[in-house]
Amino acid sequence: MTEVSVAKEDVAATDELVVLKSVNKHFGALHVLQDIDLTIARGEVVVVIGPSGSGKSTLCRTINRLETVDSGTITIDGKPLPHEGRELARLRADVGMVFQSFNLFAHKTVLENVMLGQVKVRKADKKQAEENARALLDRVGVGTQADKYPAQLSGGQQQRVAIARALAMGPKVMLFDEPTSALDPEMINEVLEVMQQLAREGMTMIVVTHEMGFARSAANRVVFMADGRIVEQAAPDQFFSAPRSDRAKDFLSKILHH
Amino acid sequence: MARRRFERWRAPPSTYATHPEAREIVFDFLQGYDVLGAFWTTVQLTLLSAVGSLVWGTLLAAMRVSPVPLMRGFGTAYVNIVRNIPLTIIILFASLGLADIFGATMGASDFKVQGFRLAVLGLVGYTAAFVCEAIRSGINTVPLGQAEAARAIGLNFTQTLRLIVLPQAFRAVIGPLANVLIALTKNTTVAAAIGVAEAATLMKTMIENEAQTLAIGAVFALGFVVLTLPMGLLLGWVGKRLAVKR
């Protein structure tokens with residue numbers, strides 16, 4: 001495991017997929033992102049953790065510009081994030097996003113949810129899109145639910161459909177914004193398993209989560225944020241066994257001891 | 001005259017059966033008038049204006065939620081100006097202003113056709129403001145996450161609105177839109193102000209010529225209820241069936 005992650009970090013140095021440079025963002029008087037520098041390599045799985053209000057969700061959302069930034073630059077695969085319009089839409093298609101509240105299109109069936117982007121954005125042939133969608137739904141284990149509406153599915157199933165919907169676009173990188181926070185405990189694992197499989201297959205992933213087990217087992221790197229800053233980043237083993245900063249020690253002591 | 005009136009109100013129902021001419025006497029004030037034809041014009045006014053205002057109202061709603069400030073400004077100004085002007089004035093403006101001063105004939109050579117088209121134009125312009133606000137309130141019922149998810153898979157603003165937000169917004173406001181449609185049906189009577197031969201115009205003529213004003217009023221009132229009541233019931237049922245489950 002360690003060897004694998006070391007190998008991946010070697011790749012990292014030569015192939016940077018997502019690069020954030022001195023990114024700042026304010027919500028009114030609140031400075032939610034303060035001079036964020038973060039580089040994510042192709043194939044790397046980065047887990048972002050930290051207390052609520054530390055800016056980790058906002059960070060995740062700036063990467064496909066669901067949130068704009070006040071200053072700094074974000075580049076994806078060498079291209080700076082476009083401001084608006086067609087270019088931005090094209091870039092977003094390359095960046096998969098999975099939300100805390102699933103956000104499946106409520107008036108469309110599961111199958112239509114997964115087909116929509118392929119047909120309308122990628123201009124794929126309908127038949128091809130449907131085949132692809134069914135294969136993806138099978139892959140995340142909800143193939144039998146294809147013709148149901150999102151409201152008829154459990155939270156875990158909905159989130160897996162949401163992952164399939166993002167994967168259908170053939171993204172370069174996947175963003176997960178607290179994907180299991182809205183789930184009942186017994187449904188968390190089915191979603192994490194899908195994510196773990198994705199990580200094994202070499203998908204570049206940025207995961208904001210409170211699931212420390214997932215961070216330990218699937219991440220190449222843990223980024224710890226507090227008060228809008230990246231306080232510490234390290235390999236998971238190192239971070240969980242010997243955190244360097246007091247802020248991280250404090251955070252871990254609060255979540256790991258019960 | 002007095003004798004006829006007496007017969008009409010006092011004759012027991014059985015007399016109608018034994019004396020078929022009784023019915024003729026009761027409804028003789030309808031003779032010589034094309035009531036159905038007038039209501040058909042009302043229906044035509046309603047349907048054309050409904051389609052037009054639905055399209056224009058949806059476009060206005062799209063403008064009001066668009067990221068372009070100029071479009072938002074136009075949408076807001078339009079709604080706030082138009083919905084606060086009495087419909088009579090708008091219809092009269094269409095006729096006296098557009099047609100007489102600016103010479104807008106609406107592609108009609110016939111004066112009657114021109115009046116009808118101007119009335120539709122006025123009704124569309126007016127009703128669209130209400131349609132816009134109904135749809136906009138529907139847009140507000142669609143959770144923000146729906147639009148975010150749509151943008152996240154690379155749909156642009158128009159696609160997001162057309163494929164994700166508006167279909168859900170429409171389903172949420174079928175009830176309010178039914179209200180607008182019912183109001184529109186009744187508002188078509190304002191077209192009488194510019195002489196369109198719809199139901200209210202005929203009613204006015206009949207009241208001037210006949211004695212049975214109450215009965216005439218009742219017939220036309222009933223006619224409108226017959227048009228609007230099923231509308232409300234049907235759309236209420238459709239709205240329930242199409243409601244988006246979350």
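I began with strand β1 (residues 16-27) of chain A, which pairs with β4(A) in the antiparallel sense over five bridges. In that pairing I found A:K21 opposite A:T73 in β4(A).

A note on ground rules before going further. This is a predicted model, in which local features need pLDDT of at least 70 and side-chain atom pairs count only at pLDDT 80 or more, while totals for chains, interfaces and linings use all residues. Residues are numbered from 1 along each chain as its sequence is written, and chains are lettered from A and ligands numbered from 1 in the order in which they are written.

My terms: helices (H or I, at least four residues) and strands (E, at least two) are DSSP runs, numbered from the N terminus. Two strands pair if DSSP finds at least two bridges between them.

Next I followed β4(A) to its other partner. Strand β4 (residues 71-76) of chain A is joined to β5(A) by two bridges, and the two run antiparallel. I looked up both ends of this pairing: A:T75 stands opposite A:P80, and A:I76 has A:K79 as its bridge partner. The hairpin has two residues between the strands, and there A:D77 takes a positive phi near 55°.

Which order do the strands of this open sheet take? I read β2-β1-β4-β5 in chain A, four strands with antiparallel pairing. β2 (30-41) and β5 (79-80) of chain A each have a single partner strand, so one side of each is left without a neighbour in the sheet.

Then I turned to another open sheet in chain A, with six strands in the order β6-β7-β8-β3-β9-β10 and mixed pairing. Its edge strands are β6 (95-98) and β10 (229-234), each pairing on one side only. Neighbouring strands are turned by 20° against each other on average, direction ignored. Within this sheet I checked β3 (residues 45-49), which runs parallel to β9 (residues 221-226) over four bridges. A:V46 has A:R221 as its bridge partner there.

Last, I moved to chain B. Helix α4 (residues 35-64) and helix α11 (residues 199-209) of chain B pack at about 145°, with their axes 7 Å apart. Axes here are lines fitted to C-alpha atoms, for helices over the stretch in contact, and angles run from 0 to 180 degrees between N-to-C directions. I listed the residues that meet (C-beta atoms, placed from the backbone, within 7 Å): B:V35, B:A38, B:F39 and B:T42 in α4(B) against B:A199, B:T201 and B:L202 in α11(B).

Technical notes
Two residues are in contact if their C-beta atoms, placed from the backbone, lie within 7 Å.
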